Amino acid sequence: MAIDEMEKKLRPPEVELKPYPPKVITLASGEKMVVREARRDEVGVLLGTVAPLIGVAADFYDIVAARMYSEILGWYRYRVANEFVIVGAINGVIAGIVTSRHVDDKLGMSLHTLTIKRGLRVGAQLFAAKMEHHIDILGEDEVYIVAESPNGFKRWMIEYQLEDRSHLYPQVRHELGGVPTYVLTRKLWNDVKAVKCTGTRPVSEEDLKSAEKLIMPSEYPQIPGFKR
């Protein structure tokens, strides 16, 4: 598709990123979750999945969902450089989404993690997949990470024993703002990935096919009585 000169000026320069290789994770429920990179042509189902949670104040779903909505839209409209989106799908139904951005060869910027299907550590699995992509696939040395909820702080900062660089503010700060910045270094990742990063590759044709077409959830545990 032809791009006019003004649109070219509005788009940030991007580098071609290595694709995230899909994997399958067997959850505690016995269900298989296919973890794969989302495509820009899937933006409708992604935004439709996130949108209902913008009104959920509990556990800070509202701010995470609102920011993720804008990140996915910015990615779709080519307004964010080097962003990627990874989804976890169970029989095609989206169970969770993560967003992130490749800054340069050394640095990644973790954006948000949104869990829809709760109680099975879906968010933790997808966060680990995101870190795997940053460090093992894209080859970055470290990832800046912030949390906007107590649950996120426990899951990432405490469980991963991330390096606290908040004392270096404002010289070192996450692009999401003034939230205290923590860092996952390559050494920390290598220490925890055997436990945190699960799943198997290659993914069978049957499992890949089950996640080929993403489906918006028909129910949300965060929204009792939700009807789409």
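Biologist: In this predicted model, is Y182 buried or exposed?

Modeller: The relative accessible area of Y182 is 12%. Buried means under 20%, so with its 12% Y182 counts as buried.

Biologist: How is the pair formed by the rings of F153 and Y182 classed?

Modeller: The centres of the two rings, F153 and Y182, are 5.7 Å apart, and their planes stand at 90°. Planes over 60 degrees apart count as edge-to-face. The pair of F153 and Y182 is therefore edge-to-face.

Biologist: How many residues apart are F153 and Y182, and which elements hold them?

Modeller: F153 belongs to helix α5, whereas Y182 is in strand β8, residues 182-185. The pair thus links distant parts of the chain, with a separation of 29 residues.

Biologist: Is F153 buried, partly exposed or exposed?

Modeller: F153 has a relative accessible area of 33%. Buried means under 20% and exposed over 50%, with partly exposed in between. F153 is therefore partly exposed.

Biologist: How many aromatic pairs does a search of the whole structure find, and what kind do F127 and Y160 form?

Modeller: The search finds four aromatic pairs. In the pair of F127 and Y160, the distance is 5.3 Å centre to centre, with 75° between the planes. F127 lies in helix α4 (residues 122-137) and Y160 in the loop between α5 (150-158) and β7 (163-164), 33 residues apart. The kind of this pair is edge-to-face.

Biologist: What are the relative accessible areas of F127 and Y160?

Modeller: Both residues are classed as buried, a term that means under 20%. The value for F127 is 1%, and that for Y160 is 3%.

Biologist: Which residues form one aromatic cluster with Y160, and which charged end sits over its ring?

Modeller: F127 and W156 form one aromatic cluster with Y160. A charged end also sits over the ring of Y160, 5.3 Å from its centre, and it belongs to K196.

Biologist: Over the face of which residue does R11 lie?

Modeller: R11 is placed at 3.9 Å from a ring centre. The ring is that of Y78.

Biologist: Which element gives the most to the lining of the largest pocket?

Modeller: The largest pocket has a volume of about 580 Å³. Of its 30 lining residues, the closest to the centre are T113, T115, N151, G152 and W156. At least two lining residues each come from α3 (61-76), β5 (107-115), α4 and α5. With six residues, the element that gives the most is β5.

Biologist: How many charged residues are in the lining of the largest pocket?

Modeller: By class, the lining of the largest pocket holds 13 nonpolar and nine polar residues. The charged residues number eight.

Biologist: Which strands stand at the edges of the sheet?

Modeller: The eight strands form an open sheet with mixed pairing, in the order β1-β2-β3-β4-β5-β6-β8-β7. An edge strand here has a single partner, so one side is left without a neighbour in the sheet. The strands at the edges are β1 (23-26) and β7.

Biologist: Which residue in β3 is the bridge partner of V34?

Modeller: Strands β2 (residues 32-37) and β3 (residues 83-90) run antiparallel and are joined by four bridges. In β3, the partner of V34 is A89.

Biologist: How far apart in space are R165 and V183, C-alpha to C-alpha?

Modeller: R165 lies in the loop between β7 and β8 and is buried, with a relative accessible area of 13%. In sequence, R165 and V183 are 18 residues apart. In space, their C-alpha to C-alpha distance is 7.1 Å.

Terms used. Residues are numbered from 1 along each chain as its sequence is written. This is a predicted model: local features need pLDDT of at least 70, side-chain atom pairs count only at pLDDT 80 or more; totals for chains, interfaces and linings use all residues. Side-chain values use heavy atoms; hydrogens and water are left out. Rings of Phe, Tyr and Trp (its six-membered ring) pair if their centres lie within 6.5 Å; planes under 30 degrees apart count as stacked, over 60 as edge-to-face and the rest as tilted. Buried means under 20% relative accessible area, exposed over 50%, partly exposed in between (1.4 Å probe, protein chains only). A charge sits over a ring if NZ of Lys or CZ of Arg is within 6 Å of the ring centre and within 35 degrees of the ring normal. On a 1 Å grid over the protein atoms alone, a cavity is a set of points where a 1.4 Å probe fits but cannot get out, and a pocket is an open set with protein on both sides within 12 Å along at least five of seven lines; lining residues have an atom within 4 Å of a point. Grid points are joined across faces, edges and corners, and a volume is the space filled by probe spheres set on the points. Ala, Val, Leu, Ile, Met, Phe, Trp, Tyr, Cys and Pro count as nonpolar, Asp, Glu, Lys and Arg as charged, and the others, Gly among them, as polar. Two strands pair if DSSP finds at least two bridges between them.
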